[in-house]
Amino acid sequence: GFLDHVALGNEEWNPWEGDEKNELVASQQRYEANLKMIKNARSHLEQTSLRVQIWGKAAIGLYLWQHIFGGHLQPADVTAQWREGSQKAGKTYFSFVTGPSVVPGYFSVEAENVVLVLNGREKAKIAYATQWLHYAQTLIQTHKIQHVAVVLLGNEQCNNEWIQPYLKRHGGFVNLLFVTYDYALVNEEDIFQWPLGVATYRNFPIVEPSWSMLHDPRSYLCNFLGTVYKNSSRETLMEILKQDGLDKLCWIAAREQWQPQETNESFKNYQDALLQSDLTLCPVGINTECYRIYEACSYGSLPVIEDVMTLGDCGNSSMYHSAPLQLLKTMGAPFIFIKNWKELPAVLEKEKKMSLQEKIQRRKKLIEWYRNFKAWMRQKFINTLENSFLPSDKG
């Protein structure tokens with residue numbers, strides 16, 4: 001027995017040999033299985049990579065692409081006939097085209113999935129938007145594209161009935177609708193609320209916060225540059241500002257008629273007012289939501305918002321217990337909401353007592369919130385498209 005053992009000893013006897021062989025085989029199998037999994041995941045990724053072309057035929061497309069996506073456009077010249085850009089985000093490769101030369105049937109459609117950015121403000125715009133929808137419908141019918149989503153600059157009184165027949169749920173072909181204002185049909189399934197954003201049609205820039213924007217004392221407590229409509233709450237606001245000489249502490253430039261075209265001077269004035277005031281007053285216009293809210297955020301000037309529903313069909317549904325500005329409130333916007341401008345003197349009194357340090361903290365918080373808001377909207381947009389357009393894994 002001993003000799004046997006010695007002889008075996010020379011061969012380095014190993015009582016665990018069987019187990020090790022099994023382990024080796026098992027680990028080889030695991031390695032191969034993992035390799036297969038990685039290959040599958042890769043091919044799955046390649047299969048599931050979406051290509052989405054965004055057709056920007058309304059100015060809010062620029063807010064989506066440049067402000068929310070942080071995308072670039074070539075050429076940089078805003079008056080160019082054709083501008084384009086692209087970026088990869090999530091599992092999706094996005095390309096964006098805009099400009100007067102983007103005309104139905106006269107440019108190459110380079111993706112199976114399309115997002116149409118349309119203006120539905122008034123009759124003439126709707127007629128133009130409808131041409132685009134009919135073009136997209138033809139592409140679906142001829143199998144040139146598979147899916148369509150619409151980002152819509154909605155009507156300020158939320159009269160968007162014209163778009164409904166085009167939605168899948170009503171027998172149409174549009175999978176998803178992202179629409180501005182507190183539209184009562186928003187359901188977070190196929191109809192989503194979309195932010196109005198800044199006035200890109202007036203070339204409002206992407207603002208990078210500077211040290212001085214965050215830290216310098218500002219010359220004015222508040223600002224309001226805008227149109228004062230007859231018999232509106234804006235008239236009340238002007239009276240209240242004049243009462244206690246509060247208009248001397250604020251940058252106020254009121255006009256009687258709305259002007260769509262900014263001059264370079266009027267636009268610079270407006271930007272300076274945002275930069276030089278701690279608060280931006282946002283009285284309701286035709287709708288509570290306005291470009292001013294987002295523009296003020298860009299400059300760290302806190303919006304003071306008249307929190308009342310405007311006339312029309314906005315937000316008249318069970319979803320909308322916190323309308324107006326449902327989207328901003330849901331996202332925890334750190335604004336000052338007031339029901340009546342009579343509350344303003346108390347707000348400004350409190351403002352006078354705030355230290356610069358407190359104001360600096362508030363500006364930082366506002367700018368940080370706005371950055372997060374845009375990032376969240378971008379992620380939500382991508383996720384919604386991917387969940388809707390990608391083949392699902394469910395059997």
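Is phenylalanine 335 buried or exposed, and what is its relative accessible area? Phenylalanine 335 is buried, at 9%. Buried here means under 20% relative accessible area, exposed means over 50%, and partly exposed is in between (1.4 Å probe, protein chains only).

1. Basis. This is a predicted model: local features need pLDDT of at least 70, side-chain atom pairs count only at pLDDT 80 or more, and totals for chains, interfaces and linings use all residues. Residues are numbered from 1 along each chain as its sequence is written, and side-chain values use heavy atoms, with hydrogens and water left out.

2. Overall make-up. The protein has 11 helices and 12 strands. Helices (H or I, at least four residues) and strands (E, at least two) are DSSP runs, numbered from the N terminus. Of the 395 residues, 49% count as buried. The protein exposes about 20,700 Å². Carbon and sulfur atoms supply 53% of that area. Accessible areas come from the Shrake-Rupley method with a 1.4 Å probe; for residues, only the protein chains shown count as cover.

3. Contacts along the chain. Contact means heavy atoms within 4.5 Å. Among contacts in the protein with a separation of 6 or more, 72% come from residues 24 or more positions apart.

4. The nonpolar core. A nonpolar core is a set of buried Ala, Val, Leu, Ile, Met, Phe, Trp, Tyr and Cys residues joined through side-chain atoms within 4.5 Å. The largest has 115 residues. Phe94, Leu133, Val150, Phe381 and Leu385 touch the most other members. Helix 11 (residues 356–389) gives the most to this core, with 10 residues. Domain 1 (50–180) and domain 2 (204–372) both contribute residues, so the core lies between them. The domain bounds come from an automatic or database domain assignment. In soluble globular proteins, nonpolar side chains tend to be buried together.

5. Leucine 385. Which residues does leucine 385 contact, leaving aside its neighbours within four places in sequence? They are Leu50, Val52, Phe94, Val115, Ala149, Leu176, Phe178 and Leu390.

6. Aromatic pairs. The structure holds 26 aromatic pairs. In the pair of tryptophan 132 and tyrosine 135, the ring centres are 6.1 Å apart and the planes are at 75°, so the pair is edge-to-face. Rings of Phe, Tyr and Trp (its six-membered ring) pair if their centres lie within 6.5 Å; planes under 30 degrees apart count as stacked, over 60 as edge-to-face and the rest as tilted. Both residues lie in helix 4 (residues 123–141), three residues apart, about one turn of the helix. Tryptophan 132 is buried at 0% relative accessible area. Tyrosine 135 is buried at 16%.

7. The opening residue again. The rings of phenylalanine 335 and phenylalanine 337 have centres 6.1 Å apart and planes at 45°, so this pair is tilted. Phenylalanine 337 is partly exposed, at 28% relative accessibility. The charged end of lysine 329 sits over the ring of phenylalanine 337, 5.4 Å from its centre. A charge sits over a ring if NZ of Lys or CZ of Arg is within 6 Å of the ring centre and within 35 degrees of the ring normal.

8. Aromatic cluster. Ring pairs link Trp65, Phe69, Phe94, Phe96, Phe178, Phe192, Trp194 and Phe381 into a cluster. Arginine 378 lies over the face of phenylalanine 69, at 5.3 Å from the ring centre.

9. Helix 8. Eight of the eight residues of helix 8 (residues 291–298) are buried, so the helix is largely enclosed by the rest of the structure. Arg292 and Glu295 are among them. Glycine 300 follows helix 8, with a positive phi near 70°.

10. Arginine 362. This residue lies in helix 11. Arginine 362 is buried, with a relative accessible area of 17%. Leaving aside neighbours within four places in sequence, arginine 362 contacts Asp278, Leu279, Leu302, Glu351 and Met354.

11. Backbone points to check. A cis peptide bond joins glutamine 74 and proline 75, with omega about -10°. Proline 75 is in the loop between helix 3 (60–68) and strand 2 (83–89). Asparagine 231 is not a glycine, yet has a positive phi of about 55°. Asparagine 231 is exposed, at 73% relative accessibility. Leucine 325 also has a positive phi, near 60°. Leucine 325 lies in the loop between strand 11 (302–306) and helix 9 (326–330), and is buried at 2%.
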